[in-house]
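Welcome! Please take a look at the structure below, and then we will walk through it topic by topic.

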Amino acid sequence: MRTRVTDMFGIEFPIFAFSHCRDVVAAVSRAGGMGVLGALYFTPEELEIELKWIDDHVDGRPYGVDVVMPASYAGADLDVDTPAELVARLQGMIPQGHRAFVEDLLARHGVPPLDGADSGKVLLGWTDATARPQVEVALRHPIALLANALGPPPADVVEQAHAKGVQVAALASTPRHAIKQVEVGVDVVVAQGTEAGGHTGEISTMVLIPQVVDAVDVPVLAAGGIGSGRQMAAGMALGAEGVWTGSIWLAVEEADTSETVRRRIIAATSRDTVRSRSWTGKPARLLKNEWTDAWESAESPGTLPMPLQFMLISDALRRISRSDVTELATFPAGQIIGAMNQVKPARQVVFEMVEEYIEAMERLGRMTGDG
């Protein structure tokens with residue numbers, strides 16, 4: 001397979017695999033695609049450890065790092081000197097009524113409290129101030145791609161990446177977003193349809209991809225509900241030059257997904273996800289359950305803007321994950337989970353996608369008399 005992105009990155013297959021698990025990232029890159037590590041949940045020190053491990057286990061193959069640098073968020077205009085000061089100021093912006101709602105929800109489901117020293121990370125890389133240190137760490141490693149998950153990255157970050165010989169990608173949910181990204185120097189646009197897990201827009205993948213392809217002159221990756229070779233062929237037929245995948249890696253053997261969550265993913269249908277602001281304050285597709293339902297109920301105080309919503313619920317999510325209360329355990333997941341019914345090695349998933357892609361293209365060739 002050869003497209004502009006395979007030539008750009010020196011990869012065999014234009015399959016990009018987003019994952020927060022370093023083992024998945026390395027496995028996909030070794031299989032001929034490109035693993036992309038989600039940096040959001042790591043401190044700069046933790047990210048350094050993760051990337052050093054990938055460097056040592058990727059066999060010299062290219063890989064990428066994905067950060068979250070939203071164009072707008074609550075507290076962006078605060079005059080602070082350190083991330084710690086930013087956290088303190090943002091904590092003061094969370095209404096007590098929202099805190100009470102979360103505590104009541106957990107109490108009604110019998111979720112026990114955390115030990116005092118076991119509180120989670122409340123801010124993560126949801127802001128410019130907390131994402132920039134992650135970028136600095138990433139650019140100290142031999143990464144091939146730096147991706148921004150929410151809107152166009154800052155122009156100076158693009159310049160820093162290019163100065164290191166690193167290509168830059170950004171996710172877009174509308175043609176207008178894609179144009180803005182190209183204007184700041186992005187090299188690859190990921191056109192992500194609403195079927196995707198995590199932050200996503202409202203336009204379906206089938207409609208969005210050709211619109212973005214027509215709007216920009218850089219390579220476009222198709223994303224949103226893609227997890228098979230037939231879907232990959234469809235994306236390429238619409239003008240994309242590769243695919244960006246995420247949810248399909250949640251259930252592979254290498255993933256650090258808990259067995260409880262893995263079983264829920266395999267049992268879920270494509271109707272078991274919902275776009276909700278209950279995770280970060282921005283619309284994100286999550287596994288639908290009593291947590292997402294509660295935030296849509298009449299008793300809900302409504303969600304807070306990013307990053308306040310995640311700061312509000314971060315310890316609650318940690319408490320839920322350490323309890324047996326599975327009805328509140330939600331996580332980002334795309335509609336492709338309805339087709340995920342088996343645990344496989346990541347390498348096998350890559351090869352099966354490629355084989356099915358070839359079969360789909362051969363079938364289309366026979367339809368036109370070319371095969």
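By the pairing rule used here, the count comes to five aromatic pairs; rings of Phe, Tyr and Trp (its six-membered ring) pair if their centres lie within 6.5 Å, with planes under 30 degrees apart called stacked, over 60 edge-to-face and the rest tilted. What you see is a predicted model, in which local features need pLDDT of at least 70 and side-chain atom pairs count only at pLDDT 80 or more, while totals for chains, interfaces and linings use all residues. Residues are numbered from 1 along each chain as its sequence is written, and side-chain values use heavy atoms, leaving out hydrogens and water.

**Aromatic rings**

- Phe9 and Phe16 have ring centres 5.7 Å apart and planes at 75°, so this pair is edge-to-face.
- Are Phe9 and Phe16 buried or exposed? Both are buried, where buried means under 20% relative accessible area, exposed means over 50%, and partly exposed is in between (1.4 Å probe, protein chains only).
- Phe9 and Phe16 also belong to one aromatic cluster with Trp244.
- The rings of Phe13 and Phe351 are edge-to-face too, because their planes stand at 85°, with centres 6.3 Å apart.
- This second pair links distant parts of the chain, 338 residues apart: Phe13 is in the loop between α1 (4–9) and β1 (15–19), and Phe351 is in helix α14 (residues 346–367).
- Phe13 is buried at 13% relative accessible area, whereas Phe351, at 28%, counts as partly exposed.

**The whole chain**

- The protein chain has 14 helices and 11 strands; helices (H or I, at least four residues) and strands (E, at least two) are DSSP runs, numbered from the N terminus.
- Its radius of gyration is 20 Å, close to the 21 Å that the globule rule gives for 371 residues, so the chain is as compact as a globular protein of that length. The radius is taken over C-alpha atoms, and the rule is 2.2 Å times the number of residues to the power 0.38.
- Along the principal axes, the C-alpha atoms fill a box of roughly 65 × 45 × 40 Å.
- What share of the 371 residues is buried? Buried residues make up 53% of them.
- Among contacts (heavy atoms within 4.5 Å) between residues at least 6 apart in sequence, 68% join residues at least 24 apart.

**Two buried residues**

- Ser29 sits in helix α2 (residues 22–30) and is buried, with a relative accessible area of 1%.
- Leaving aside residues up to four places away in sequence, Ser29 touches Met34, Gly35, Val58, Arg61, Pro62 and Tyr63.
- Val325 is found in the loop between α13 (308–321) and α14, and it is buried at 9% relative accessible area.
- With residues up to four places away in sequence not counted, Val325 touches His109, Gly110, Val111 and Ile320.
- Val325 and Ile248 are 77 residues apart in sequence and 24 Å apart in space, C-alpha to C-alpha.

**Backbone details**

- As background, most residues other than glycine have a negative phi, and most peptide bonds are trans.
- Which residues does a cis peptide bond join? The bond is between Met306 and Pro307, with omega about 5°, and Pro307 lies in the loop between α12 (290–296) and α13.
- Asp59 has a positive phi, near 55°, although it is a residue other than glycine.
- Asp59 is in the loop between α3 (44–57) and β3 (64–67), and it is exposed, with a relative accessible area of 61%.
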